[in-house]
Amino acid sequence: MARDSREAERVADRLLDARRTLERDYALPLTVQRLARHARLPHLSFNRAYHDAFGIAPLDHLRLLRLQAAARLLIDGRAAADIAVRVGYPNVAVFKAEFRRLFRDDAQLRAQLDLALQPPGNPPARQRTGA
């Protein structure tokens, strides 16, 4: 019984370490498989244990951390392509789709994303005048 308790504590410690890694290194090319190896758990067991411990799957947690950081950078007026790369999205289209999905109810953030996606020197479509 005590052995099971000690093993559960070790797993909990490794899950906390994985969470700290996600929170610290979210912009790096992390994978759930790498986190699972680091936690010394099989991939599916890691997913299940992480979700049970923190109420969110590790990949969803990674996505949330990245998009929350992106929202902060967007408010600072950075370009969307720069933001995408800085928070760990090498593909701007994937970043844009996931950002819009997460912040679909936040019209102000979506408008800032649209503005950040405009090429430099081009006014947003709503401000253009017809010729």
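Which backbone oxygen does the side chain of R66 reach at 2.6 Å? I looked, and that oxygen belongs to Y26.

**Ground rules.** I am working from a predicted model, where local features need pLDDT of at least 70, side-chain atom pairs count only at pLDDT 80 or more, and totals for chains, interfaces and linings use all residues. Residues are numbered from 1 along each chain as its sequence is written, and side-chain values use heavy atoms, with hydrogens and water left out.

**Overall look.** I found seven helices and zero strands in the protein chain; helices (H or I, at least four residues) and strands (E, at least two) are DSSP runs, numbered from the N terminus. Of the 131 residues, 31% are buried, meaning under 20% relative accessible area with a 1.4 Å probe, protein chains only. I also checked contacts, that is, heavy atoms within 4.5 Å. Among those with a separation of 6 or more, 52% join residues 24 or more positions apart.

**Back to R66.** I placed R66 in helix α4, residues 58–75. The R66 side chain also reaches the backbone oxygen of L28, at 2.8 Å. Leaving out residues up to four places away in sequence, I see R66 touching Y26, L28, P29, L30, V87, G88 and Y89.

**Charge check.** What is the nearest side chain of opposite charge to R66? I got E98, 6.8 Å away. R66 is buried yet has no salt bridge; that would take a side-chain nitrogen of Lys or Arg within 4 Å of a carboxyl oxygen of Asp or Glu. For charge, Lys and Arg count as positive and Asp and Glu as negative, with His and the chain ends not counted.

Conventions
Buried means under 20% relative accessible area, exposed over 50%, partly exposed in between (1.4 Å probe, protein chains only). A polar contact is a pair of N or O atoms within 3.5 Å; within protein, one must be able to donate a hydrogen and the other to accept it, and residues adjacent in sequence count only if both atoms are side-chain atoms.
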